[in-house]
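Have a look at the model first, then dig in.

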Amino acid sequence: MAGPKKRLSKGAIAGIVVLSTLVVAVVVLLLALPGIVANKVAEAGQKRGLTISYSGYSLGFGSVGLDKVKVTPTGSTAFTVEASSVIAELSWFKPKLVRIPGATLKLDGSPQKVQKVLEAIRAADAKIPKGERVPVQIDGKFSWRNFAGDLGTVSFDTVKVVTTPTEEKVEVDLDKGRFTFLLLTVEPISGKVVRKGKALDVTVHLKPKDAGTAKVVLHHEDGDEVTLEAQGLQPKAFLDFEIPGLKLKKATLDADVKAARSADGDVSASGTLSATKLELPKIPVGPVSLSLGSSLGLDFKITPKKNAGDVKIDKANVTFSLGGKPRVVKVTGEASLGETLQGPYAVDLVYTFGPVPCSELAGELVGGVVGGLTGVIAGGLASKAVSGNLAVNGTIKGDPTRPDKLVRTTNVTEACKIDTDPVKAVGDLFK
């Protein structure tokens, strides 16, 4: 005879009901989750002017991951972010951090085009309540095409991006970079970009192996400030070609340049540049030619004029060697760079050279042609047979980007004179 049936207690029944309800809720959540994820992703992108696509998702403890993700600005190809996965760390079902490891960042277009798109995204992100603005960390590689038409690219094998919305801050670290423009290749490049509020700071380092260093620093806020420093930089490390008449295999470059542009468009600049161990082209003088030595220098100062982009060239002294001594071509004048420094370009320059004693030029000219001890004697003779000074001035006007269209004038204000008494010249040689 069977015993009496055991009845479930009210507590057990309540537990089963709760468990069943929970199971049903989980099933419903799992069925609805793809739609929830899709809506949340689309909403997050839409608020920031971004289009986000992905192939699937995965759930972790306190996180949601998206697979094969692609992010682009809505209606633009200015940049693309692609990654095999994007992980959103959650706090009470709200993202508190987004990580994108192994990402590929691509920019495409001029700096103006890219900046316009990025500024629109930043403006949209700034309108989102602070509680919904999520920090982002990106690790991967970076490339930029068509920043100067189709003539150049820049790429970095390592890039790290960290955004801190509460501080309105973005930091970008770049390493193992390569810059190409026409036949120019510069590597390795490293750098750091920090954007905080309206302020932007960019530092770029160039350190080719055993070939000197260069550093460029940019600060942008209401205006722009740029500095360039180079020490013992050897062009052979990044030049893949030779300039006709100018050999740079042994050359070294040094620079200390500062430039600025105010919010009103006023441009100023000053600094020095020098190049040593050059093989410079010779200047033809009749059937022979004069050597310009093996170094060039530039010392300049530019100040703003009334209209934005218009500048006064207070000083531009070009130094080189001629006749065995340093010589200077002095340049002054005006230039127009355009309100945004993108043209149209125009120069109106005046240059002066000399006076240089003709005896110094004649001695080198004849001595170099004859050569040896005889050349020394012949050079000395020539220097005694020539008197007077050489002085030249002239003007250059037009668009410097169109050298064939530039209008040049040259005036010889002083000229050399040849002594007509050769016996006297020989006698003067041995005085």
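Q: Is lysine 169 buried, partly exposed or exposed?
A: Keep in mind that this is a predicted model. Buried would take under 20% relative accessible area and exposed over 50%. Lysine 169 comes out at 22%, so the label for lysine 169 is partly exposed.

Q: Which glutamate forms a salt bridge with lysine 169?
A: The closest N and O atoms of the pair are 3.9 Å apart, and the cut-off is 4 Å.

Q: How many residues apart are lysine 192 and glutamate 171?
A: These two form a salt bridge, with 3.6 Å between the closest N and O atoms. Lysine 192 sits in strand E10 (residues 184-196) and glutamate 171 in strand E9 (residues 169-181), so the pair links distant parts of the chain. Their separation is 21 residues.

Q: What is the relative accessibility of lysine 192?
A: Lysine 192 counts as partly exposed, a class that lies between the 20% and 50% limits. Its value is 31%.

Q: Where does lysine 305 lie?
A: Lysine 305 forms a salt bridge with glutamate 334, the closest N and O atoms being 2.9 Å apart. Glutamate 334 is in strand E20 (residues 325-336), and the two are 29 residues apart in sequence, so the pair ties those parts together. Both are partly exposed, glutamate 334 at 38% and lysine 305 at 33%. As for lysine 305, the spot is the loop between strand E18 (296-304) and strand E19 (310-322).

Q: Which residues touch the most other members of the largest nonpolar core?
A: That core has 37 residues. Setting aside neighbours within four places in sequence, phenylalanine 142 contacts Leu105, Leu107, Val154, Ser155, Phe156 and Val159. Apart from this core lies another of 27 residues, including Ala275 and Tyr351. Back in the largest core, the pair asked for is Leu105 and Phe142.

How values were computed
Residues numbered from 1 in each chain as written. Predicted model: local features only at pLDDT ≥ 70, side-chain atom pairs only at ≥ 80, totals over all residues. Heavy atoms only, no water. Core = buried A, V, L, I, M, F, W, Y, C linked by side-chain atoms within 4.5 Å. Buried < 20%, exposed > 50% of the residue type's maximum accessible area, 1.4 Å probe, protein only. Contact = heavy atoms within 4.5 Å. Salt bridge = Lys/Arg side-chain N within 4 Å of Asp/Glu carboxyl O. Helix = DSSP H or I, 4+ residues; strand = E, 2+ residues; numbered from the N terminus.
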